[in-house]
Amino acid sequence: MFQDDTSAGDESADDLASDTNTERSTDYGGSYLYEIGVTESNQQGLIRAQPPFQMDNSLERQNLIDRYKYLNDRNNVHHVYLMSHDGKVISYYTAQGKVSSVNSKLTNDRQLVKVPDAKYDEGNGAAGPSGPNWKLVESPQMDGSYGSNGDAIFFFTTDGHYVEWNGLYVVSEEPKNIQTPVTLTDEVDENESEN
């Protein structure tokens, strides 16, 4: 037969609350709310005892600033090694300026458009039936097309040629002493050569 242990549970919860000097709730979810309170109280005590370090200078921010300054100089020449997944060099180029992502955009890739007499759609950003309705849509790219450009990088070589690559790569300010042979070769099928 089922035995009602509510009173015993209430007493142990009261003891726990008393021992930890916190209030408790008898509502459903009270243990969840209780634990949140204990966690918050503990964290506040730790913050008071060990306040976060206040930085007056960030090397991370300085690295980012220096990186952007360096990469934005069109006079820089980079050594670009296009790699296979097993770490071999497939091709090597000297790039003039920065190596870029094909997914970089000159304009925003989203825009708000007014939708006349649209029904309220919170997921698509409509303002509601009583006011102007707006929807977030994909913007066309500069060539008038839509969609992504895949996952690749591109750059211009020092002699002005365009190169695009969708694999692993290494970019360096200084040339690396990488001495692996080019791995993209045209192999002849032995069966075909016998026929």
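Okay, a quick definition to start: two strands pair if DSSP finds at least two bridges between them. Strands here are DSSP runs of E, at least two residues long, and helices are runs of H or I, at least four, both numbered from the N terminus.

This is a predicted model, where local features need pLDDT of at least 70, side-chain atom pairs count only at pLDDT 80 or more, and totals for chains, interfaces and linings use all residues. Residues are numbered from 1 along each chain as its sequence is written, and side-chain values use heavy atoms, leaving out hydrogens and water.

So, the sheet. S1 and S2 pair in the antiparallel sense over seven bridges. His 78, for one, has Ala 95 in S2 as its bridge partner. The open sheet has three strands, in the order S2-S1-S8, with antiparallel pairing. S2 and strand S8 (168-172) are the edge strands, each pairing on one side only.

Now, the rings. Phe, Tyr and Trp rings (six-membered ring for Trp) pair if their centres lie within 6.5 Å; planes under 30 degrees apart are stacked, over 60 edge-to-face, the rest tilted. There are five aromatic pairs in the structure. Tyr 81 and Tyr 92 are tilted, because their planes sit at 40 degrees, with centres 4.9 Å apart. That pair links strand S1 (residues 77-83) to strand S2 (residues 89-96), eleven residues apart.

Buried or exposed? Buried means under 20% relative accessible area, exposed over 50%, partly exposed in between, with a 1.4 Å probe and protein chains only. Tyr 81, at 4%, is buried, while Tyr 92, at 38%, is partly exposed.
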